[in-house]
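Please look over the sequence and the model shown here before reading the notes, which are grouped by topic.

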Amino acid sequence: MENVFIFDHPLIQHKISLLRDKNTSSKEFRELVSEISMLMGYEVTRDIPLKEVEIETPIGHAKTYVISGKKLAFVPILRAGLGMVDGLLKLVPMARVGHIGLYRDHDTLEPVEYYCKLPEDVSERDVVILDPMLATGGSGCDAVRFIKKRNVKSIKFVCLIASKDGVERLHREHPDVAIYCAAVDETLNEFGYIVPGLGDAGDRLYGTK
Ligand code: PRP
Ligand code: URA
């Protein structure tokens with residue numbers, strides 16, 4: 001599928017296995033989500049443009065490259081997306097962070113919005129949406145629709161584990177949005193959880209169950 005990137009890097013795959021393990025503690029889970037997000041960030045930021053500059057080294061002149069002022073905004077979907085922010089901010093400390101609050105109604109599985117605060121100049125920015133799980137795709141599609149209303153420059157969607165259905169739905173509704181993930185699982189159960197997945201990402205991050 002075009003515009004879908006699945007990370008097969010051994011470090012990412014190893015850490016995803018630890019993340020899936022039900023015996024992994026909340027502390028380890030948080031650390032792993034942060035580490036995997038940082039590793040994924042390496043590829044997610046691959047298209048940042050560079051400009052040539054001249055720098056004095058202790059020995060002489062160097063023609064070299066720096067990032068040419070690309071403006072990024074990371075937008076985690078609350079709650080679980082918050083766990084991915086610090087890993088990406090370590091790579092791009094100048095990025096701005098917006099927040100979208102969505103939760104899935106447990107009966108209808110439909111996303112319910114309860115918060116949205118984006119950077120004032122978000123229309124001048126390339127937006128990277130963060131959420132560890134893309135399950136039915138409802139929350140992801142809603143977040144993209146919301147952000148598109150602000151006429152941003154581009155949108156990428158970064159998750160850790162996706163379902164086939166979620167990838168297909170997000171891709172169908174928003175083919176312009178590149179999807180980055182570390183695994184695509186086959187199915188969803190009757191409660192909309194990814195199988196085998198990793199359980200409820202928010203609860204595992206914050207120890208709420
Ligand atoms: C989870 C997850 C996604 C959503 C994915 O959040 O973090 O936002 O479910 O499911 P979907 O693709 O079927 O919409 P949840 O609703 O559990 O909220 P939480 O992060 O506050 O726990
Ligand atoms: N949300 C989660 O946290 N996990 C799933 O498997 C599906 C939705």
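Against which elements do the buried residues of helix 2 pack? They pack against helix 1 (10-20), helix 3 (85-91), strand 8 (126-130), strand 10 (154-158), strand 12 (178-181) and helix 6 (201-206), where helices (H or I, at least four residues) and strands (E, at least two) are DSSP runs numbered from the N terminus. This is a predicted model, in which local features need pLDDT of at least 70 and side-chain atom pairs count only at pLDDT 80 or more, while totals for chains, interfaces and linings use all residues. Residues are numbered from 1 along each chain as its sequence is written, and side-chain values use heavy atoms, with hydrogens and water left out.

**Helix 2**
- The buried residues of helix 2 are Phe29, Leu32, Val33, Ser34, Ile36, Ser37, Met40, Gly41 and Val44, buried meaning under 20% relative accessible area (1.4 Å probe, protein chains only).
- Contact, the term behind the packing described above, means heavy atoms within 4.5 Å.

**Ligand 2**
- Ligand 2 is surrounded by Arg104, Met133, Ala135, Gly192, Tyr193, Ile194, Gly199, Asp200 and Ala201, each with a heavy atom within 4 Å of it.
- A nitrogen atom of ligand 2 lies 2.8 Å from a backbone N or O atom of Gly199, and a polar contact is a pair of N or O atoms within 3.5 Å.
- An oxygen atom of ligand 2 is 2.8 Å from a polar backbone atom of Ala201.

**Whole chain**
- The protein chain contains six helices and 15 strands.
- Of its 209 residues, 47% count as buried.

Terms used: Chains lettered and ligands numbered in written order. Buried < 20%, exposed > 50% of the residue type's maximum accessible area, 1.4 Å probe, protein only. Polar contact = N/O pair within 3.5 Å; in protein donor to acceptor, adjacent residues only side chain to side chain.
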